[in-house]
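Visitor: I would like to go through the packing of this protein. Please show it to me first.

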Amino acid sequence: MTTPVRLPQDTALLILSPGTTAQALHREPLAAVIASWRAADMPRAILTPMQDPVRDTDADIPVMTHGAAGIFSDTDLDPRLTAAGITTVVLASAGDPARLLQGGAEAARLGYRVILMTDGDAASDAFASVADAKIASPAAITAGIALSAGRKRPWPTAPANAL
């Protein structure tokens, strides 16, 4: 049995995806996490580099492009997360694990609690290099979504998926 990851009410899913790997959004286990997150109506976004944007994604997941310096560069992601009351982010990668590490480090520097979703194939030592980041499997995150789905969320003025 998988132990669920506790997902606070103020958690958003950020999927890091270069456009060339957009099809990875529909592969397991990431597809299952996205479907569970959607069913729980929790905030979510796809972050993609400006030079390689994701196209033709699901209409209910906002796609934001970012600069070469990282997921928070050349975007209004931080102000959007702050305005939505988000203090915890789950970062999942549909491609390059190095991007996941970089995004986790950026989010931690900005004061977010960080949960990195890994499939177990990545070296845990590398993921441990992101200070204070929790590392969780897709199954543990999906189980946590199920526990969090019934709780009241703190963004009454905007749809949960509007980042």
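Visitor: Which residues is Ile141 in contact with, leaving aside its neighbours within four places in sequence?

Guide: This is a predicted model. Ile141 is a buried residue of α5 and is listed with those that have the most contacts inside the largest nonpolar core. Beyond its sequence neighbours, Ile141 touches Val5, Leu7, Val33, Trp37, Val90, Ile115, Met117 and Ala136.

Visitor: Which element gives the largest share of this core?

Guide: The largest nonpolar core has 22 residues. At least two residues each come from β1 (11-16), α1 (30-39), β4 (88-93), β5 (113-117) and α5 (138-148). The largest share, 4 residues, is that of α1.

Visitor: Which parts does the aromatic pair tie together, and how many residues apart are they in sequence?

Guide: The whole structure has 1 aromatic pair. Phe72 and Tyr112 form it, stacked at 5.9 Å centre to centre with 15 degrees between the planes. Both Phe72 and Tyr112 are buried. Phe72 lies in the loop between β3 (63-66) and α2 (77-83) and Tyr112 in the loop between α3 (97-109) and β5, so the pair ties together parts whose separation in sequence is 40 residues.

Methods
Residues numbered from 1 in each chain as written. Predicted model: local features only at pLDDT ≥ 70, side-chain atom pairs only at ≥ 80, totals over all residues. Heavy atoms only, no water. Core = buried A, V, L, I, M, F, W, Y, C linked by side-chain atoms within 4.5 Å. Buried < 20%, exposed > 50% of the residue type's maximum accessible area, 1.4 Å probe, protein only. Contact = heavy atoms within 4.5 Å. Phe/Tyr/Trp six-rings, centres within 6.5 Å; stacked < 30°, edge-to-face > 60°.
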